Amino acid sequence: MPKKTVANLSASDLSGKRVLVRADFNVPLDDAGNITDDTRIRAALPTIQDLTGKGAKVILSSHFGRPKGQVNEKMRLTPVAKRLSELLGQEVIKCDDCIGDEVASKVQGMENGQVALLENVRFYAEEEKNDPEFAKKLASVADLYVNDAFGTAHRAHASTEGVTHYLSPSVAGSLMEKELQYLKGAIEEPQRPLAAIIGGSKVSSKIGVIETLLEKCDKLLLGGGMIFTFLKARGISVGNSLVEDDKLELAKSLEAKAKERGVAMLLPTDVVIADKFGADANTQIVSVENIPDGWMGLDIGPDSVKTFQDALADCKTVIWNGPMGVFEIDKFAKGTEAIAHTLSELTPKGTTTIIGGGDSVAAVEKVGLADKMSHISTGGGASLELLEGKELPGVAALDEA
Ligand SMILES: Nc1ncnc2c1ncn2[C@@H]1O[C@H](COP(=O)(O)OP(=O)(O)OP(=O)(O)O)[C@@H](O)[C@H]1O
Ligand SMILES: O=C(O)[C@H](O)COP(=O)(O)O
């Protein structure tokens, strides 16, 4: 069911109204407390500016880290308020709590078009418990609700789900709308051929997504640490590479399922191997049948890259989740970088290229190709759950269009 969005609200619906906006400002900080990647803050700007432009009073809420229901000085949203003020070009009113008298009085003093940021909602254990009383308190300072926190939409928490029971209308923000359009669109009504590239460390964390994608896609390309479980399941010796021995049968059954459904499941044919895990390791490129004992595969090799490029060339939609190798170490980043380049070249040819969150986004950003993709998701876990075909509680709770 399509959801109601901020675009459905006019200036007369919003002028002078107090709007509680759930955003996902869970951004990385360095040891000194500086934001190292403000993508999620920038991604929330269109909704905030749309609302302030229509005369609303915007009350932002977010979680930050996992403080386990306790106040944690290192997990305050103060650096976010500062960055947000810079990006918006206006002072963001920072609250030291997310509920209570201080919040009520600051909100009461707000003028139309002003923006306030509540403190980390996870300082209260009630947030993750989706406690109705806590949700009611959060909602009490607002007239209506906008959920723009796609990255947290897979959590049924008080600020993502609970508040919708107390605020009406409850609508999706424009980031949420865009994320759903791309990610749901890609698996529900894709332009074909549809290819999915799945990497990352373990098969176990990607079983759900592989199973769902086998129902939807025409080609499934596998990379990353998980390939060694598939290779071992084929009877190939993989040395010291990462293997989940309890998933060998599953790997076999996924390959059989792909065959049965006519999905081209491609595994790398060559790999970069190392004699240890680290930047100072000795490396070689070998065919997957020739991994010597004592060596481990840490990236896909150049032949595999070529095979993947050929397979992707005619695809109209490509979804990518999970790196092809240990991209954090330069020696093992070439496969991931080559796939990022390949996708960046497909986008201008009319292919919809979607990077499904998490480490693959970090990899694409590292090579400076983020703006060459059709869509880069701001959600890691949320995008994976969506690709697995699960309903996201933060979305399900919003009003229907
Ligand atoms: N061959 C390999 N051997 C061991 N680890 C690998 C290998 N290839 C990739 N990795 C590691 O996998 C990790 C990413 O795996 P993960 O399953 O978390 O991927 P992701 O889905 O992109 O991330 P997220 O969980 O944030 O969505 C990276 O840290 C990378 O170094
Ligand atoms: O970074 C994320 O994936 C989201 O902000 C959700 O955070 P969580 O996994 O701590 O719920």
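A residue is called buried under 20% relative accessible area, exposed over 50%, and partly exposed in between, with a 1.4 Å probe and protein chains only. Gly-297 is buried because its relative accessible area is 9%. The structure is a predicted model, in which local features need pLDDT of at least 70 and side-chain atom pairs count only at pLDDT 80 or more, while totals for chains, interfaces and linings use all residues. Residues are numbered from 1 along each chain as its sequence is written, chains are lettered from A and ligands numbered from 1 in the order in which they are written, and side-chain values use heavy atoms, with hydrogens and water left out.

Gly-297 is found in strand β12, residues 296–300. Helices (H or I, at least four residues) and strands (E, at least two) are DSSP runs numbered from the N terminus. Gly-297 also belongs to a set that an unreviewed UniProt entry annotates as "binding site", together with Lys-206, Glu-328, Gly-357, Gly-358, Asp-359 and Ser-360. These positions are spread over 155 residues of sequence and are also spread in space, with up to 23.8 Å between C-alpha atoms. From this set, Gly-357 and Gly-358 are taken in by the lining of the largest pocket. UniProt positions follow the numbering used here, feature names are shortened, and annotations may be inferred rather than shown by experiment. A pocket is an open set of points on a 1 Å grid over the protein atoms alone, where a 1.4 Å probe fits, with protein on both sides within 12 Å along at least five of seven lines; lining residues have an atom within 4 Å of a point.

Two strands count as paired if DSSP finds at least two bridges between them. β13 pairs in the parallel sense with β7 (residues 194–198) over 5 bridges, and Asn-321 of β13 stands opposite Ile-198. β13 also pairs in the parallel sense with β14 (residues 352–355), over 4 bridges; here Trp-320 has Ile-355 as its bridge partner. With helix α12 (residues 334–346), β13 and β14 make a right-handed β-α-β unit. Right-handed means that, with the strands pointing away from the viewer, the path from the first strand over the helix to the second runs clockwise.

Helix α2 comprises the 15 residues 39–53, which at 1.5 Å a residue should span 21 Å, and its end C-alpha atoms are 22 Å apart, which agrees. The expected span is 1.5 Å times one less than the number of residues. α2 bends by about 35° at Leu-45, and Pro-46 follows within four residues. The bend is the angle between axes fitted to the seven residues ending at a position and the seven starting there. Among the buried residues of α2 are Ile-41, Ala-44, Leu-45, Ile-48 and Leu-51. Just after α2, Gly-55 takes a positive phi of about 85°.

The peptide bond from Ser-168 to Pro-169 is cis, with omega near 0°, and Pro-169 is found in the loop between β5 (144–147) and β6 (170–172). The bond from Arg-192 to Pro-193 is also cis, in the loop between α7 (174–188) and β7. Lys-68, which is not a glycine, has a positive phi of about 60° and counts as exposed at 71% relative accessibility.
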